[in-house]
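Subject: Structure handover

Dear colleague,

I am passing on the structure below, together with notes on what was found in it. Please read the notes with the model open beside them.

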Amino acid sequence: MISLRRRLFLVLIAATSLIWLCAVVWIYLSSRSELEHVLDTRLREAARMVHSLVAGGNLAAADAVPVADTEYERQLSCQIWSLDGRLLARSSSAPEEALSGPAQGFGWRLVNGEDWRVYTLLDQVKGVRVVVGDRVGLRARLVRDLITGVLAPAVLVAPLLAVLIWVSLARGLEPLARMAKEIAGRDGEDMCPVAAGDAPSEVRPLLDALNSLFGKVEAARKHERDVTAFAAHELRTPLAGLRTQAQVALAATDADMRTDALRQIMMSVDRSARLVRQLLALAKLEAAPVGKSTAEQMTVGGMLRDIAEQFSAAAGIDVHIEPALEGWSVCADRECLYLVLRNLHENALEHMPAGGRVTWRRLPEGLCIEDEGPGIPEEELTRVTERFFRGRMKSASGIGLGLTIASMAATRIGAQLVLANRTDRKGLLARLIFRQSERALL
């Protein structure tokens, strides 16, 4: 995998090279155009100068055409022709073959395998034609020398520029290297935030996200430790009770004493089983991704009957399910909806006196369950959905997870759990309010 430093280096070098290439092409095209114009102007001026000398009667003027410098010596060539086609004079660098036709002005000519750019000036009074030209190859050489002069410094500077870019990237990425070194030097228990230091602004979002992740991981680990410690504590009590009651049953000689000990053993087993079941349900809810549940259309009344038959018979509690719930269905995740209804039902049974009544009712916005227990103190209503919160009205078998699981499962199906004390008598009223999209009357 290519490193970020190398990737940035290659991108910067490629971008710089592309800019240089575009600049060279632009300089070449613009310089060639300007050079052609300048050289054409020089051809015309040279032709006029020779013509003025010829007009004064000096035919040796062709040899006197000036050159630009020694590098391009004898670049210009001059011929003087009579209008009847006789070569009157020429410069030493000019060929004997005519450089142009009879027409006046600029033109191109192929002479002895060489391309020429020529300018022709006619003088009808003197009866002469002055032709001045230069080789196209020399013009191309001028352009090449100009481009070479531009490229040579760039080629010499390119290695130095590459070194500067590489060093600059190393300095710029140094905060990332320090952060990586700091994180690599930590052990698995260190979840402290990474210090920002002099990290550039582009790195801050990554650093903030990393520190936020560390915080979430630390919170999850703390939660796991709390759950493990609480589960160990809660299981220790029923297990110790199981051992004690088993010893009592083994040592008992009275049948009633043995039966009572076995009954206590059953209660301890039920409490342990409920704790394990709720811990597993809580872990499953927390592990499931939000928004990934599968919704289906379900009849609420049938699910409530199954729950009532499973829990209410052994508790000796009268359960009433309104007929309106029998024909009502919702579109939600089956497992989450079952967790909500089961935990609300179990919570009501836990705090009910013997012979009490639990009522499930249909509401316009959802459904509710009413019990005849002691209710919840008003100051604790906002906290009873917290993990392991049992409050002052805790039951002998409650562990403080039932309403927590119900609230979490309700959120997963897009519903809201609202708790309130009954106003007509003692007891708790728990309402499960669905969004409009989840409501559907069959």
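Asp 424 is exposed, with a relative accessible area of 57%, where exposed means over 50%, buried under 20% and partly exposed in between (1.4 Å probe, protein chains only). Its side chain meets that of Arg 422 in a salt bridge of 2.9 Å, N to O, a salt bridge being a side-chain nitrogen of Lys or Arg within 4 Å of a carboxyl oxygen of Asp or Glu. Arg 422, by contrast, is buried, at 16% relative accessible area. Salt bridges that share partners join Glu 322, Arg 361, Glu 370, Arg 422 and Asp 424 into one network.

Before going further, please note that this is a predicted model, in which local features need pLDDT of at least 70 and side-chain atom pairs count only at pLDDT 80 or more, while totals for chains, interfaces and linings use all residues. Residues are numbered from 1 along each chain as its sequence is written, and side-chain values use heavy atoms, with hydrogens and water left out.

The structure holds 16 salt bridges, and another of them is formed by the side chains of Asp 260 and Arg 263, at 3.5 Å, N to O. Both of these residues lie in helix H5 (residues 255-287), 3 residues apart, about one turn of the helix; helices (H or I, at least four residues) and strands (E, at least two) are DSSP runs, numbered from the N terminus. Asp 260 is partly exposed, with a relative accessible area of 38%, and Arg 263 is partly exposed as well, at 45%.

Two buried strand residues also deserve a look. Val 358, in strand E9 (residues 357-363), has a relative accessible area of 0%. Leaving aside residues up to four places away in sequence, Val 358 touches, among others, Ile 317, His 345, Leu 349, Met 352 and Glu 370, a contact being heavy atoms within 4.5 Å. The C-alpha atoms of Val 358 and Glu 372 are separated by 7.0 Å, although these residues are 14 apart along the chain.

Gln 79 lies in strand E1 (residues 76-82) and is buried, at 0% relative accessibility. A polar atom of the Gln 79 side chain lies 2.8 Å from the backbone oxygen of Glu 97, and a polar atom of that side chain lies 3.0 Å from the backbone nitrogen of Leu 99. Among the residues that Gln 79 touches, not counting those up to four places away in sequence, are Leu 87, Pro 95, Arg 129 and Val 131.

Helix H1 (4-55) and helix H2 (136-172) each supply at least two of its residues, and the largest share, 4 residues, comes from H2, where Leu 160 has its place.

Finally, how many disulfides are there? With a disulfide taken as a pair of cysteine sulfur atoms within 2.5 Å, the count comes to 0. As for the cysteines, Cys 22 is partly exposed at 46% relative accessible area, while Cys 78 is buried at 0%.

With best wishes

Definitions and conventions
A polar contact is a pair of N or O atoms within 3.5 Å; within protein, one must be able to donate a hydrogen and the other to accept it, and residues adjacent in sequence count only if both atoms are side-chain atoms.
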